[in-house]
Amino acid sequence: MRFVPLAVADALAVYGLVALGGQRSWWMFALLLAGTAAVNVVYLSKRAVPAKYLAPGVVLLLVYQVYVVLYTGYAAFTNYGDGHNATKSDAVAAILAASEVKAGPSRPIRVAEKDGELGFQAGPGWRALPYAEIVARQAEIVELRVPVAGGVLKTADGVTAALYRPALVHDAAADTVTDASGTVYRDDGRGSFRAADGRALSPGWKVFVGPENFTSVLTDTEIRGPFLGVLVWTFAFAALSVALSFGFGLVLALVLDGYRVYRSLLIFPYAFPAFMAALLWQGLLNTDHGFFNEVLLGGAPVPWLSDPWLAKLSVLVVNVWIGFPYMFLICTGALQAVPRQLAEAAQVDGAGPWRVLASVRLPLLLASTAPALVAAFAFNFNNFNVIYMLTGGGPRDAGAPVDVGSTDLLISLVYKLAFGGTSRNYGLACAVSILIFAVIAAMSLAGFRRARRLEAAA
C-alpha cells in the first residue's frame, strides 16, 4: 500500500515523458526523467529517511518557484507574445497554410479513419465515417489537410473537398518567402519575415531580443509615460495604505484598550476575504444603484469608480478598511508587550500622557512592528485583488496608447500586458515583473535596515 503513491507519481511521469517526447521538448524530458529517477531512488531506499520528508517540498519548490522564476527571467529577454509564440518552422507552416487559395473545383469525398488518423480515401484498412460522426468531429475534419500533387485537399463540410495551393512560396535555402506579386520577405532577425517596404508576415516566431524589453519601458514613448504614471501611483498607494491603516489601527488600539467587545468586532473586516470585500464595496459604490449614492447621498450620482481621482480615493479607502484590523491586532499586541514600568518611570519624571506615548511607547512599538510594516508595504505594492475586483484598474486612460487605467498598479499593468486586450506581450510583462521584484527588494532591504536601527535605538 505504501508504494501506491509512488506508482501513481511514476504513471503521471510516464505520461508527461510521452507528451514531452511527442513535442520534442528534450530538455524538459531530461529534467522530468532525472527528477522521476531521483524520487524513486529516495523512496525505494531504506537509508534516505530524511530525504523522504524533504523530497515533496523540494519538488514543489522546484516546480512552482524555481522553474517559474527561471522561465520568467528567460521570457523577459525574448519577444514572446501574440504573433511570436512558436518556433520558426511552425511559423513558416502557419504562414503558408494561411495563404492557401482554392485551385480547383470541389469534388465529393468520403472522410475515413485508420489507426486514429483521418483521411479522405476509404481504402483497405480505412473505415468510412458515418454522417453522425462527421458532424461530431466537424472541427477536427475542417482542420484536416491531405497533401496531394500540386497542393493539399481541404474540406469545409466533410462531404466535398477542393485543391488548395499556397499563394506564398518559401525558399528554405535562401530563407525567404515570396508572394504572387514577387515581393520577397526576409528574416529581419526579430522573429518575422519582413519586406523591404516594412510589411511583415504573420505569425512570427520567438527569438532572443536581449534587454530590449527593459529599455523599452524607459525609452519607448508609448510605454514610458503610462509606466511612470503607474509607478508613481503604485508607490503612493502602497505608502498611503500602510500609513493610514497603521495610524488608524494604532489609534483604535490606544482608544479601545480594555474594551474587549469592541476590539472583537473590529476583527470582522479582516476575517472577511479581501476579494469578496472588494466586490461588496463595488456594489456599495455603484453610481446608479449603490448604497452610498442612493441612501446616504439621496440619489446623488457621484462617480466613485468612474472618475479618475474619486476612483483612486475609493480604492485607497477600501484597502484601508480591509487592512486596518490587521494593524490593529499588531499594535494591540505590541502595546501590551511594552513594559508598564517604563511608562510609570516616565510619569514619575514628569512626562505627560502625550510625552509618554511619543517618547516611550511609540518608539518601542515601531521597533517591534517595523518588519510587519515593511511586509505590508511589499504586499500593497502588489495588491492585485483590490484593484482588479473593485475597478479593474479603471477608469481607462483614453489618451494612453496602451491599456492602462487611473487605478492600475504595476502588478495589474503586468496582468494587462500579458493577458488583457488584443495584443499580449508576455516578454514585456515578464520584464516589468522583474523590475517590480527589484523595486520591492530594494525597498524591503532599506526597510529592514531601518528596522534594525530602530531596534538598536530601543
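Do β11 and β12 pair in the parallel or the antiparallel sense, and over how many bridges? Please take me through that stretch and its surroundings.

Modeller: One caution first: this is a predicted model. Now to your strands. β11 and β12 pair in the antiparallel sense, over two bridges. Look at D187, and you will find F193 of β12 standing opposite. The two strands make a hairpin, with five residues between them. In this hairpin G189 takes a positive phi, near 80°.

Now step back along the chain. β11, residues 184-187, has another partner: β10, residues 176-178. This pairing is antiparallel too, and it runs over three bridges. For one of the paired positions, find T178, whose bridge partner in β11 is V184. β10 and β11 form a hairpin, again with five residues between the strands. G182 sits in that turn and has a positive phi of about 95°. So far, then, β11 pairs with β10 and with β12.

Next, the charged side chains of this region. R194 and D188 meet through their side chains in a salt bridge, at 3.1 Å from N to O. Are these two buried, exposed or in between? R194 has 34% relative accessibility, so R194 counts as partly exposed. D188 has 26%, so D188 is partly exposed as well.

D175 and K88 meet at 2.4 Å, N to O. D175 is in the loop between β9 (169-171) and β10, while K88 is in helix α4, residues 88-98. They are 87 residues apart, so this pair links distant parts of the chain. D175 counts as partly exposed because its relative accessibility is 23%. K88, at 25%, is partly exposed too.

Follow the chain past β12. A loop runs from β12 (193-194) to α7 (212-219), and K206 is in this loop. K206 counts as partly exposed because its relative accessibility is 24%. Which residues does K206 touch, once neighbours within four places in sequence are set aside? The contacts are Y71, Y74, T78, N79, Y80, H84, N85 and A86. D10 is another matter: its C-alpha atom is 33 Å from that of K206, and the two residues are 196 apart along the chain.

The largest nonpolar core has 44 residues. F227, F246, L365, F381, L410, V432 and I436 touch the most other members. At least two core residues come from each of α7, α8 (221-255), α13 (308-337), α15 (353-381), α17 (410-419) and α18 (426-457). α8 gives the most, with ten residues.

Take F246 as an example. Beyond its neighbours within four places in sequence, F246 is in contact with M327, C331, L365, L366, T369 and L373. Apart from this core lies another one, of 16 residues, among them W233, V302, W304 and L305.

C331 brings us to the cysteines. The relative accessibility of C331 is 0%, so C331 counts as buried. C430 has 14%, so C430 is buried as well. How many disulfides does the structure hold? The count is zero.

Salt bridges are another story: the structure holds 15. One of them joins E140 to R137, with the closest N and O atoms 3.1 Å apart. E140 is partly exposed because its relative accessibility is 40%. Through shared partners, salt bridges join E113, R127, E133, R137 and E140 into one network.

Last, a separate stop: an open sheet of three strands. The order is β4-β3-β5, and the pairing is antiparallel. β4 (117-119) and β5 (127-128) are the edge strands, each pairing on one side only. β3, residues 112-114, pairs with β5 over two bridges. There, A112 has A128 in β5 as its bridge partner.

To return to your question: β11 and β12 are antiparallel, and two bridges hold the pairing.

Methods. Residues numbered from 1 in each chain as written. Predicted model: local features only at pLDDT ≥ 70, side-chain atom pairs only at ≥ 80, totals over all residues. Heavy atoms only, no water. Helix = DSSP H or I, 4+ residues; strand = E, 2+ residues; numbered from the N terminus. Buried < 20%, exposed > 50% of the residue type's maximum accessible area, 1.4 Å probe, protein only. Contact = heavy atoms within 4.5 Å. Pairing = 2+ DSSP bridges. Core = buried A, V, L, I, M, F, W, Y, C linked by side-chain atoms within 4.5 Å. Salt bridge = Lys/Arg side-chain N within 4 Å of Asp/Glu carboxyl O. Disulfide = S-S within 2.5 Å.
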